[in-house]
Amino acid sequence: MAESLKLDPWGVASPAYTTKTEHVTRHGAEALISWLDDLSPLSHANAFALDNGAGTGVVTASLRSRFPHLPIVAADLSPGMLEHIGKQQLPQVQCKVLDATDLHSIATDTFTHSLSTFMIQFSSNPRTALQEMYRVTKPNGTLGLCMWGDIAVAAPWVETARLFDPDYVYPHSWTPDWADQNTLPRYVAKAGFKDVKLRTIRAGWDFPSPEEVCQYYFESKNPEFMRGYQPWWDRGMEGTMRPIFEKIVRERYGGGKDLVAEAFLIVATK
């Protein structure tokens, strides 16, 4: 497990994606696809879609279901994630292991629709990732992004940690400007896109119990969650802090039912 975490950390977390993570991200994915289709029909005979940071395939599977003849490239840095898409044996879907900041095997001006949901913020260089999406999108093609505003499920952890360190700030993979509805459209425009539009959506995690929140947050091996708790676990604090986390979820977040994420949908054209 330790070696797998080092080589493919998101692949290790992929089983949890097929349960709770897909549940909450599907809201954004479906809304984004509908918005893009309104702007530029995905059913057009010449349409060709990129699912960049495809993960376990929420966007790819939805595109395949809604637009049966649409060719799709599902790209992700994690082979473990892409295995889940491969197992679905979706027709006209090609999986590629690629870093979002270097889509080297994809030619310039390839896709009519370039999508990425809940990935750009996690890339090693979000600006470069956007520039690569601009490069591979055809002239007059359409960009669609989902970006986290507030992931919500980390909030009980922040409250827990601040009982021990009042100045604690969650060590997100991204800087605050990459979760800000005011700065994100500017970053998309700087990558070269035009007619940038943004919508805000909210989606509940819908946890049935505080125990399930604990299991998901601490046992899913999600690298973003591990950034929060692992430094404390390394100091031997798990036995002290995990029960407090569960108590906070039970008393302040409706046992998990009140954990509601905020995300931003962004569309633009090249």
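What classes of residue make up the lining of the second largest pocket? I counted ten nonpolar, two polar and one charged. My classes: Ala, Val, Leu, Ile, Met, Phe, Trp, Tyr, Cys and Pro are nonpolar, Asp, Glu, Lys and Arg charged, and the others, Gly among them, polar.

Before going on, I noted that this is a predicted model, where local features need pLDDT of at least 70, side-chain atom pairs count only at pLDDT 80 or more, and totals for chains, interfaces and linings use all residues. Residues are numbered from 1 along each chain as its sequence is written, and side-chain values use heavy atoms, with hydrogens and water left out.

Next I looked up the space in that second largest pocket: about 260 Å³. It has 13 lining residues, and G149, D150, Y170, H172 and W174 are the closest to its centre.

My terms: on a 1 Å grid over the protein atoms alone, a cavity is a set of points where a 1.4 Å probe fits but cannot get out; a pocket is an open set with protein on both sides within 12 Å along at least five of seven lines; lining residues have an atom within 4 Å of a point. Points are joined across faces, edges and corners, and a volume is the space filled by probe spheres set on them.

Then I searched the whole structure for cavities and found one of 30 Å³ or more. The largest cavity holds about 40 Å³. I listed its lining as V24, F118, W148, I201, A203, A261, E262 and A263. By class, that is seven nonpolar, no polar and one charged.
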